[in-house]
Amino acid sequence: MDLGLQGQVAVVVGAASGIGRAIASAFAAEGARVVLADRAATVTETAAEVASLYGIQALGVVADVTDFAAMQGAATMVDEAFGGAEHLVYAAGMGSGKGGFPFWNLQPSDWPRVLEVNLQGAVHTAHAFVPGFVERQRGSWLLIASVAGQIGSQTDPPYSAAKAGMINFAQCAAKDLAPYNVRVNVLNPGMVATPLNRGVWEGQMQNLPPEQRVDFETWGAQKIAKVVPLNRWQTPEDMGDMAVFLASHRANNVTGQCVNVDGGFVMHS
Ligand SMILES: NC(=O)c1ccc[n+]([C@@H]2O[C@H](COP(=O)([O-])OP(=O)(O)OC[C@H]3O[C@@H](n4cnc5c(N)ncnc54)[C@H](O)[C@@H]3O)[C@@H](O)[C@H]2O)c1
């Protein structure tokens, strides 16, 4: 399927690892020019690897999403390097690293950082990049939220609340931006074996007596068998495939939607 993304510019925030990195690679595989932004300094090496693997131009930008000035600086760098972006993906995220249920297993002080990175970071990124989309009257913005934001997941309450907030903000932004020919959607992954997902496992194991603790693979297999009808892990590449489709003209009439790539974890009409 021709997605028509060749030569277009895609910015992926949170691209040094996991899902964000795979999404940047998927854009590169389509011939897009990609900007990989992340707090991790390794993102510049990742950008160089993606450029050489796919034979496209890639730029690595070290920036923390909790710092609005840093995100504005990233947008300026993209303007200078490529004349602006056509596509923006917000894939930065983190959990509390602690197990919820009940929510008082966490302290109120566990909340602000999780809200700041997942939700406020998305807001910073939007304010930095969206004016360019409005000016050029085109663009797509994809937020990577989570099934946790749809189902009142007890796993990590501040994470679930932040993801629910992202979904709501995306719907609001989709309405605001529709008159400017800019589409906004949400991709909700299910279970993807990344450092973030390992953090969820670690958090849950902390709450269990030693004899009930299991390794990451066993924990993942048990949880997936219970909640994922397709009974398998989702992969970062699954997310990349959906992200490039949603960015493309093939999804020209899709906006304000939550698209789940979760093996059937959440089914909604
Ligand atoms: N892995 C899963 O099972 C799963 C499920 C549902 C949703 N998600 C979501 O997918 C997205 C990607 O997560 P992942 O699983 O690939 O995890 P990951 O830990 O591999 O990647 C997260 C990336 O975000 C970056 N990041 C964190 N804080 C940042 C900050 N302050 N500024 C800039 N960058 C920052 C990290 O450096 C990292 O590169 C997250 O939003 C996550 O909530 C993941």
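Which of the 28 residues around the ligand come nearest? They are Ser17, Ile19, Asp38, Tyr159 and Thr194.

## Model

This is a predicted model: local features need pLDDT of at least 70, side-chain atom pairs count only at pLDDT 80 or more, and totals for chains, interfaces and linings use all residues. Residues are numbered from 1 along each chain as its sequence is written, and side-chain values use heavy atoms, with hydrogens and water left out.

## Ligand contacts

The side chain of Tyr159 has an N or O atom 2.5 Å from one. For the side chain of Lys163 the distance is 2.8 Å. Gly190 takes part through a polar backbone atom, at 3.4 Å. The ligand alone exposes 820 Å², and the protein buries 95% of that (Shrake-Rupley method, 1.4 Å probe).

## Ligand shell

Helices H1 (18–29), H4 (111–136), H5 (157–177) and H6 (195–206) each give at least two shell residues. H6 has the largest share, three residues. Helices here are DSSP runs of H or I with at least four residues; strands are E runs of at least two. By class, the shell has 15 nonpolar, eight polar and five charged residues.

## Cavity

One cavity of 30 Å³ or more is present. The largest cavity holds about 60 Å³. A cavity is a set of points on a 1 Å grid where a 1.4 Å probe fits but cannot get out; lining residues have an atom within 4 Å of a point.

Strands S4 (87–90), S5 (139–144) and S6 (182–189) and helix H8 (236–247) each supply at least two lining residues. The lining includes Phe27, Trp141 and Arg183.

Terms used. 1 Å grid on protein atoms, 1.4 Å probe; cavity = no way out; pocket = protein on both sides within 12 Å on 5 of 7 lines; lining within 4 Å. Points joined across faces, edges and corners; volume = space filled by probe spheres on them. Near = heavy atom within 4 Å. Polar contact = N/O pair within 3.5 Å; in protein donor to acceptor, adjacent residues only side chain to side chain. Nonpolar A, V, L, I, M, F, W, Y, C, P; charged D, E, K, R; others polar.
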